[in-house]
Amino acid sequence: MEKRLQRLPDRVYFLGLLPALSLLPRKIACRLIRRQGRQIQSFLRKHDQSIQSNLASSGFEAPEAIARAFFEVLASEDLDAYYFKHWNRANIDRYFDFEGLGILEEAIAGGRGAILLTGHVGCVCSALVAMGIKGFPVTHVARGYPWEQSLPPAFLNYALKKVSWMEEKMRNQLIYAPAAADPQRSASASLEVLTSVRANKLVSMAIDVVPDMAPQRETAKFLGRICSFPTNFLRIAYASGAPIIPYYTIRDTSNWVRQRLTVEPPVALKGHLRDDLQVCVSQFERVVRKFPEQWFSWDSLSVFLSQDRTRG
Amino acid sequence: MEPSKRVRDSDRDTVAREITEFIQTEFAATTTIDHDTPLITQGIVDSIGVLRLVRFLEDRFQVNVQAQDLVLQNFRSVTAMLDLVINRSGD
């Protein structure tokens with residue numbers, strides 16, 4: 001079984017194995033997809049080494065164990081998409097623990113919408129679906145990949161299906177922000193975000209977007225380094241008056257079936273870009289430090305490093 | 001111009017001048033801006049700058065920019081924003 005699962009072509013993995021696993025009892029499927037995650041780890045050796053090296057240099061003990069769990073979580077996220085269509089209002093609590101949903105209700109009652117700030121930790125897509133099923137008017141700013149043309153067709157096919165299933169459950173379309181080279185479409189996306197928060201929607205955005213996909217950046221301390229992070233979510237909050245509400249989703253690695261969606265109180269913005277960014281980054285770092293195996297950007301940590309050494 | 005007053009068609013020159021001055025000041029535009037300069041495609045106003053323009057128009061001219069107005073063509077030039085202000089003034 002292990003050998004047969006090794007080095008599966010993308011087409012077989014995304015469009016064959018994942019839907020097949022989703023038909024099995026959930027616990028069995030979770031066990032098999034974790035095994036697949038470990039297989040992925042075994043043939044992505046360079047990535048694995050880079051992840052372990054970045055974990056170690058960030059002060060984590062036992063980077064091997066964290067990296068192993070990282071790949072298990074990664075594959076589990078791939079599988080999640082095939083469960084979206086089965087989730088509904090009657091059964092979503094079987095798969096999610098929710099914490100802080102009252103904060104979202106308060107934001108809606110406030111009438112100014114909100115920027116929901118998250119990162120690539122846990123399964124953001126699942127969280128958005130769960131919030132939609134819970135009745136929250138949520139959407140997400142999806143960034144275009146500058147290197148989209150080089151992605152495997154099977155992955156793109158899977159990603160398009162995933163987006164379509166998400167939008168169906170969220171009852172909202174994602175806001176597509178293209179790679180930075182297209183100023184008109186970027187400006188259109190900004191206006192779309194403004195339209196959404198003015199319509200009292202919750203607009204989710206990620207803080208850990210790489211420079212190629214979000215060029216307006218500022219520096220902040222993160223994992224003991226000076227890194228750069230996008231500032232668009234803050235600028236949009238300043239311009240719209242919408243609060244910034246952090247949230248994240250963590251897979252329960254004791255049983256692998258359940259996830260916990262946590263919503264935190266709104267960030268107390270001071271109106272100073274660097275200071276406000278640091279507050280948001282520090283909150284995000286706290287989540288990454290607590291659940292290192294669930295942050296998907298360990299491999300690309302170096303691209304966040306800033307050349308700006310003025311901030312000590 | 002008194003911001004609380006309804007913006008009339010006869011105020012076009014004044015409104016256009018104020019919008020142009022705001023863009024030149026806030027976006028440090030080094031190129032000369034005329035009323036039809038394409039602000040976004042020329043990179044004078046970026047994706048976040050367009051949100052500042054919305055706020056400026058609402059605050060300065062007391063207009064109610066509505067959801068259907070939040071489209072790129074209404075912010076692509078000084079003339080487009082001028083038309084938006086005149087159309088939405090007094091709503």
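Hi everyone, let me start with a definition: a residue is called buried if 20 or more other C-beta atoms lie within 10 Å of its own, exposed if 12 or fewer, and partly exposed in between, with C-beta atoms placed from the backbone. By that count, 45% of the 312 residues in chain A are buried.

Some housekeeping before the tour. This is a predicted model, where local features need pLDDT of at least 70 and side-chain atom pairs count only at pLDDT 80 or more, while totals for chains, interfaces and linings use all residues. Residues are numbered from 1 along each chain as its sequence is written, and chains are lettered from A and ligands numbered from 1 in the order in which they are written.

On confidence, the predictor assigns the complex an ipTM of 0.89 and a pTM of 0.91. Chain B has a mean pLDDT of 88, with 93% of its residues at 70 or more; pLDDT is the predictor's confidence in each residue, from 0 to 100.

Now to chain A as a whole. It has 13 helices and 9 strands, where helices (H or I, at least four residues) and strands (E, at least two) are DSSP runs numbered from the N terminus. Its radius of gyration is 19 Å, close to the 20 Å from the globule rule for 312 residues, so chain A is as compact as a globular protein of that length. For the record, that radius is taken over C-alpha atoms, and the rule is 2.2 Å times the number of residues to the power 0.38. Along the principal axes, the C-alpha atoms fill a box of roughly 55 × 45 × 35 Å. Of the contacts in chain A with a separation of 6 or more, 77% join residues 24 or more positions apart; a contact means C-beta atoms, placed from the backbone, within 7 Å.

Let's look at the sheet. Which order do its strands take? Seven strands of chain A form an open, mixed sheet in the order 1-9-8-2-5-3-4, and strands pair if DSSP finds at least two bridges between them. Strand 1 (96–99) and strand 4 (175–177) are the edges, each pairing on one side only. Neighbouring strands are turned by 25° against each other on average, direction ignored. Strand 2 (residues 114–118) and strand 8 (residues 244–251) run parallel over 3 bridges, and there A:L116 has A:I245 as its bridge partner. Helix 10 (residues 183–198) packs on this sheet, touching strands 2, 3, 4 and 5, and its direction makes about 150° with that of strand 4. Such angles run from 0 to 180 degrees between N-to-C directions, with axes fitted to C-alpha atoms, for helices over the stretch in contact.

Just after helix 8, A:G135 takes a positive phi of about 100°.

Two residues other than glycine have positive phi as well. A:A62, with phi near 55°, sits in the loop between helix 4 (45–57) and helix 5 (63–80), and counts as exposed because it has 11 C-beta neighbours inside 10 Å. A:W256, with phi near 70°, lies in the loop between strand 8 and strand 9 (259–263); its 18 neighbours make it partly exposed.

Finally, the interface: 15 residues of chain B are in contact with 17 residues of chain A. Thanks, everyone!

How values were computed
Contact = placed C-beta atoms within 7 Å.
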